[in-house]
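Hi everyone, thanks for coming. I'd like to walk you through one model today, so please have a look at it while I talk.

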Amino acid sequence: IAWGYYNLGWALTAQSYFHEAIIYLDKSIYWWKEHNEINGLFFSLAASGGVHRLLGDYEKAFDRTLESLQLTPKMTDTRGVTSQLNFMGLLYRDMEDYPSALQYYRQSLQKNEPDYKYNFSPMVFAEVFSLLRQYDSANYYFNLVDTSQPDNVRFYLVSKGELYLLQKDYE
């Protein structure tokens, strides 16, 4: 039942029905808690945190993400932990707490799940170092980005352009 609520929450999120998605994700969270199913609870909390961020409710996004990460020592299926650590870094970056963002990005790098598609994304490090005005470090990580992948090129060009603007390098 809980996976059905979880999947319905994701389907509604994909259609931008965020408030409705939260209703079903909350139902899945309730079910997982009632049945003491830690792995499912982790994924539902993670999804709920993402939807709350999309709604602009950063406090609830932060709380749900932190709650999901607190479950990791008890989990048997740790897929997704790396993405949650990255997401927590993103939340801190959104709050302009760049040192904390780097801390979570580094934790995700140390976790380095073999099946996780984005095990190491130098772009997130480059962007945070840009925002910290540590331009040499930002450039170091920009140079690690694989620009042979079409998906990476767009984000690379935007982020690299932002670096030039931060440096007031308009040429």
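Let me start with a question: which helix supplies the largest share of the lining of the second largest pocket? It's α3, with 8 residues. And before I go on, please keep in mind that this is a predicted model.

So, a bit more on that pocket. The space in it comes to about 260 Å³. Its lining is made up of 15 residues, and the ones nearest the pocket's centre are W10, A46, A47, G50 and Q84.

Two packed helices are described by the angle between their axes and the distance between the axes. Here the pair is α7, residues 122–131, and α8, residues 135–142; their axes come within 8 Å and cross at roughly 165°. An angle over 145 degrees counts as roughly antiparallel, so α7 is roughly antiparallel to α8. The crossing of these two is left-handed.

Who touches whom? On the α7 side we have P122, M123, F125, A126, F129 and S130, and they meet Y135, S137, A138, Y141 and F142 of α8. Sorted by class, the residues of this contact are 9 nonpolar and 2 polar, with no charged ones.

That's my tour, and I'm happy to chat about any of it.

Definitions and conventions: Residues numbered from 1 in each chain as written. Predicted model: local features only at pLDDT ≥ 70, side-chain atom pairs only at ≥ 80, totals over all residues. Heavy atoms only, no water. 1 Å grid on protein atoms, 1.4 Å probe; cavity = no way out; pocket = protein on both sides within 12 Å on 5 of 7 lines; lining within 4 Å. Points joined across faces, edges and corners; volume = space filled by probe spheres on them. Helix = DSSP H or I, 4+ residues; strand = E, 2+ residues; numbered from the N terminus. Axes fitted to C-alpha atoms, helices over the stretch in contact; angles between N-to-C directions. Parallel < 35°, antiparallel > 145°, perpendicular 65-115°, else oblique. Left-handed = near helix turned anticlockwise from the far one by under 90°. Contact = heavy atoms within 4.5 Å. Nonpolar A, V, L, I, M, F, W, Y, C, P; charged D, E, K, R; others polar.
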